[in-house]
Amino acid sequence: MPVKFPFSRRRNAPADAWTKCPDCDQQVFNRQLARNLRVCPTCGHHFRLSVGERLDLLLDEGSFEERDAGLESLDPLGFHDTKPYVDRLEAARIKTGLNEAAIWGIGQIHGRRVAIGILDFRFMGGSMGSAVGEKLARCFETALVERIPAIVVTASGGARMQEGTLSLLQLAKTTAPLPRLDAAGIPFIVLLTDPTTGGVLASFASLGDVVLAEPKALIGFAGARVASGTTGDELPEGFQRAEFLLSHGFVDQIVTRSEQRATLARLLRTLPVAPADDAWQEDPARGWGPIGALSGFAERLGGAVSETIGIDVEPAGRNGDRPVAKHREEAP
Amino acid sequence: MTGVLAPPPEVVEEAWRRVMLARHPQRPRTLDLLPLIFEEVTELHGDRLFGDDPAIVGGPALLDGHPVMVIGHQKGNDTETNIERNFGSARPEGFRKAQRLMRLAEKLGMPLITFLDTAGADPGAAAEERGQAEAIASSIKLMTELQVPIVVVILGEGGSGGALAMGVGDEVLALENAVYSVISPEGCAAILWRSPDDVRTAAAAMRMTAQDQLELGVVDVIISEPGEGAHTDHAATARAIKTAVVAAMGRIQQRGLQSLLAHRYARLRSIGRYQETVAGPRVRPEPPSLRRRLGRLLHLPGVRAPRWSEIWPGDEEHDLEDGE
């Protein structure tokens, strides 16, 4: 039996020990890149992450439990381009070790439970077919039932063409639970990473209560070549980059990788799940302070308005009651 | 190669024939059909945010005397009208106008009827600046929760997100020669076959005809077209659509509001085909023990806790493909 020394592997460095940064062309030592969360130490370029690297980055160690790991795509159309779809799926499974382009599960960020879904661009361009849509819909539904925040990290070219309109309808399937999260008072946070385009951006990814993005991530509806080819216009500087979306009002913050876990944790603290139903008034964390003061203010304002313009303003309630204004003549 | 075969030539030709019919320049457009189906159609304009998009039209109307809201894509019939209508490719202000009309329909309790006829949403830089993706996403979201019955009619091309933004409903009807797809056959051929010559094969492979969509459960009812196709007789097409819409509305209105929304949710939720294999969840072992943490600190071999990035490591190779 050969004797193994713990330090022996350090001598034979692997051939691909270096990676060239596509942004600044600097050669970066791979281990340095890994230590730096796969961010170029020279220019700050954010390399793409696998779902595994993303989990390690965002979640408390040992907190993640994957759900629906065995959920995978079928080939509903018998799709065949230059290669059969089933072969492409198999190749992607071997390459990534994933069953599908998304995983979801329950984990913790600074001790707070969240339902989190993550897309992996390496699995067929992170494209959303029936299985990815089903996983994300279940992620949102579990957030709803367990009353925990939902977080999705995107990296996707869009809907998966090989499943035709079944993929297109995943836009609606993943969006349908979101109004229910709204009604139940469950926060939904999206982190857009490079690249997020097409159908994924045109559904749940644009609909977060808070939308964060990684620096310089490509984020857009149509490919940049399509955009310039269609209109013949010069594309604006930094077109479809995260900074472009921030300046146009579609992203809340651009967050560098080292800040992401802390930023999510802060959002989870400052945007808590609403108390269920009538617990609103009884919750000691909320019954006093700004909300109590505001509702008192609303009553005073309502009274004042009634006096001034002869309209009875009923106090606004939660759970679907909207503020109702009635003309005094019609009121009893 | 496994046993999967390319579609046979007759299937390819049939699919392409349908695409050509769906794109026929004389095919009746939304504004041609509205006066033939409804009474007192009143077009409303503008999204109250930025502008008015001529690629989407809509407003209140009467269907057999009942107030309804109608919204549809509007293509032109020749180069001039197509330029005016942006070839039926809506911009964000079009989808936001549609949302405004949907909210009005909800406020007044009017059923909503939408007509799809678009190759896709406008992919231009200006549309992008005004949030094309957000406009489509919020339209879809609004339709999933809109508290009035929704009937969707696919008139010609149901192209991708631009169609789905007005295509979420309680029943989806399609004209016999309509098509519905996740991406245009041209786009699909360019990305997957990397050649524009395979556009017909792409059309067949995506199974985009109305009959295919019925089999996939995306479309509920097919409306027969007169003669050689809808372009031969607009009036007869309108009559067929009206009969089908009234019948669909009758079926939907038997449900109460709560059951209507529950049914719509269940319909969307059930779309898609997947399997659940017995592969158990990849549950991580408990948080690292003191021994593991100490071992890791001292770089002792064999005691380092596994990390998720070792189960699913990253790599440098990224193919930009397979998405729409």
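Good morning. Strand S4 (residues 71-73) of chain A pairs with S8(B) in the antiparallel sense over three bridges. Strands here, and helices likewise, are DSSP runs (H or I of at least four residues for helices, E of at least two for strands), numbered from the N terminus; two strands pair if DSSP finds at least two bridges between them.

Before continuing, a word on conventions. The model is predicted, so local features need pLDDT of at least 70 and side-chain atom pairs count only at pLDDT 80 or more, while totals for chains, interfaces and linings use all residues. Residues are numbered from 1 along each chain as its sequence is written, and chains are lettered from A and ligands numbered from 1 in the order in which they are written.

Let us stay with the paired strands. Which residue of S8(B) is the bridge partner of A:Ser73? That partner is B:Tyr274, which lies in strand S8 (residues 274-276) of chain B. B:Tyr274 counts as buried because 20 other C-beta atoms lie within 10 Å; the classes are buried at 20 or more other C-beta atoms within 10 Å, exposed at 12 or fewer, and partly exposed in between, with C-beta atoms placed from the backbone. Leaving aside neighbours within four places in sequence, B:Tyr274 is in contact with A:Leu71, A:Glu72, A:Ser73, A:Leu74, A:Ser130, A:Ala131 and A:Glu134. Contact requires C-beta atoms, placed from the backbone, within 7 Å.

Across the whole interface, 90 residues of chain A are in contact with 78 residues of chain B. On the chain A side, the residues that touch chain B comprise 39 nonpolar, 35 polar and 16 charged. Here Ala, Val, Leu, Ile, Met, Phe, Trp, Tyr, Cys and Pro count as nonpolar, Asp, Glu, Lys and Arg as charged, and the others, Gly among them, as polar.

I turn to chain B. This chain has 14 helices and eight strands, and its C-alpha trace spans about 80 × 50 × 40 Å along the principal axes. Of its 324 residues, 49% are buried. Among contacts in chain B between residues at least 6 apart in sequence, 70% join residues at least 24 apart.

Finally, confidence. The model scores ipTM 0.90 and pTM 0.86. Mean pLDDT (the predictor's confidence in each residue, from 0 to 100) is 83 for chain A, where 75% of residues reach 70 or more. For chain B the mean is 90, and 90% of residues reach 70 or more. In chain A, pLDDT stays under 50 over residues 288-298 and over residues 313-332. Where pLDDT is low, the predicted coordinates should not be read in detail.

Conventions. Contact = placed C-beta atoms within 7 Å.
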